[in-house]
Amino acid sequence: MTADAIAGLRQVHARLKSIGPDTIPRPHELEAAAEKVLACSAELVDVAEPEEVRRLLAYAVKSLKAAEKAAHAHHSDPAGRPLAPVRFALKAGSADGALEGALDLLDPGN
């Protein structure tokens, strides 16, 4: 995996870490993050545990798409969807954890 791909994954990870408890980003931001993770995962070449890294990145993308769906529900009708922020936080946290695990496997020194 190239250094650019790892840097891209770190950017998505940092963005997920920066989301506060009362902040739900727009769905298009999450869609862009999922696309970035997919693009970075396509650059997997020589990694120690490719199956585990791919599994974690696939889970991160799946969780980002679910967070995107929750964000869309929240932004379309915040009062009518009281559990959307909770669902968003759960899925964004899952994506963040999967990315952190993948980054630990890809670049254990950092």
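**View 1. Helix α4, end to end, in a predicted model.** Here's α4, a helix of 23 residues. From its first C-alpha to its last, α4 reaches 32 Å, which is close to the 33 Å expected at 1.5 Å a residue. The helix takes in residues 84–106, and the model it belongs to is predicted.

**View 2. The buried side of the story for α4.** Quite a list of α4 residues is buried: Ala84, Phe88, Ala92, Ser94, Ala95, Asp96, Ala98, Leu99, Ala102, Leu103 and Leu106. What do they pack against? Their partners are α1, α2 (27–41) and α3 (50–76).

**View 3. His13 and its neighbours.** Now look at helix α1, where His13 lies. His13 has a relative accessible area of 14%, and because buried means under 20%, it counts as buried. Leaving aside residues up to four places away in sequence, His13 touches Asp96, Leu99, Glu100 and Leu103.

**View 4. The largest pocket.** This pocket holds about 190 Å³ of space. Its lining is made up of 15 residues, and those nearest the centre are Ile19, Gly20, Pro21, Phe88 and Ala89.

**View 5. Who lines the largest pocket.** Both α1 (3–18) and α4 supply at least two residues of the lining. The largest share comes from α4, with six residues.

Conventions
Residues are numbered from 1 along each chain as its sequence is written. This is a predicted model: local features need pLDDT of at least 70, side-chain atom pairs count only at pLDDT 80 or more; totals for chains, interfaces and linings use all residues. Side-chain values use heavy atoms; hydrogens and water are left out. On a 1 Å grid over the protein atoms alone, a cavity is a set of points where a 1.4 Å probe fits but cannot get out, and a pocket is an open set with protein on both sides within 12 Å along at least five of seven lines; lining residues have an atom within 4 Å of a point. Grid points are joined across faces, edges and corners, and a volume is the space filled by probe spheres set on the points. Helices (H or I, at least four residues) and strands (E, at least two) are DSSP runs, numbered from the N terminus. Buried means under 20% relative accessible area, exposed over 50%, partly exposed in between (1.4 Å probe, protein chains only). Contact means heavy atoms within 4.5 Å. The expected span of a helix is 1.5 Å times one less than its number of residues.
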